[in-house]
Amino acid sequence: MQIQSAEFKCSNTRTEKLPPPVLPEYAFIGRSNVGKSSLINALTAKKGLAKTSQTPGKTQLINHFLINENWYIVDLPGYGYARVSQKTREEWERFIRYYLRNRENLQCVFVLIDSRIDPQKADLDFCFWLGENGIPFVLAFTKADKQSKIKTTHAVDAFKKALLKYFEEIPPLFVTSSETKEGREEILDFIDGVNKN
Ligand code: GTP
Ligand code: MG
């Protein structure tokens, strides 16, 4: 799929104010600093579209980006070690989970996993929660440029193995890098396929 246009639409903390649930929507989620906003910028080939930062906890709202005027990418705050109070974190969690469970035009959730680390309980728990709630998801392993291919393969295999304790089938997965654009075409083709269905 070619990206003709990508524009920021709105930021929200309340689900009532989200755009009408008409166009297909894809949400990007994962631990703080995993590279959600960077991957969105790589996919859309627009560097400053989603705000990125070396400090975890940069994205604090539900951000909607309209792509090709007919579908949305949604950038979500990260779960995990964001430097915010326990109370704020709990509020985000509740809000995000409410959004994910109730957003009727949500086609699929991209769960981002740092390809450089061992399977994390937070990521596995989150995948399990999505499965339990019947929310379709795929996996995107990030920052693949930061290590050798073999290390990434090991990390992907370890995560798959851990997931198989919960699931009978492994969801589609993508190895990505926002630096080299690895995985970009595959993800855009995947979204195109879902949009056409
Ligand atoms: P929060 O919004 O804080 O939850 O973070 P995020 O998941 O949106 O991460 P963000 O895209 O802001 O990236 C965090 C840091 O990782 C930034 O310093 C990015 O430049 C870096 N980064 C993200 N993706 C990649 C990648 O594929 N390769 C490399 N080398 N660095 C990356
Ligand atoms: Mg972000």
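Analyst: Two residues are in contact if their C-beta atoms, placed from the backbone, lie within 7 Å. Helices (H or I, at least four residues) and strands (E, at least two) are DSSP runs, numbered from the N terminus. By these terms, what covers the buried residues of H3 includes E5, E6 and H4. This is a predicted model, in which local features need pLDDT of at least 70 and side-chain atom pairs count only at pLDDT 80 or more, while totals for chains, interfaces and linings use all residues. Residues are numbered from 1 along each chain as its sequence is written, with chains lettered from A and ligands numbered from 1 in the order in which they are written.

User: Why is Ala155 called buried?

Analyst: A residue is buried if 20 or more other C-beta atoms lie within 10 Å of its own, exposed if 12 or fewer, and partly exposed in between. Ala155 has 21 such neighbours inside 10 Å, and therefore counts as buried. Ala155 belongs to helix H4 (residues 149-163). Beyond four places in sequence, Ala155 is in contact with Ser115, Arg116 and Phe141.

User: What makes the buried residues of H3 lie on the same side?

Analyst: The buried residues of H3 are Asp123, Phe126 and Cys127. They cover an arc of only 100° around the axis, which puts them on the same side of H3; the arc is that of the directions from the helix axis to the C-beta atoms. The face turned away carries the exposed residues Lys121, Asp125 and Glu132.

User: How do you know that the span of H3 agrees with its number of residues?

Analyst: The expected span is 1.5 Å times one less than the number of residues. For the twelve residues of H3 this gives 16 Å, and the end C-alpha atoms are 16 Å apart, so the two agree.

User: What makes E5 and E6 a pair of strands?

Analyst: Two strands pair if DSSP finds at least two bridges between them. Strand E5 (residues 106-114) and strand E6 (residues 137-142) are joined by six bridges and run parallel. In one of these places, Asp114 stands opposite Thr142 in E6.
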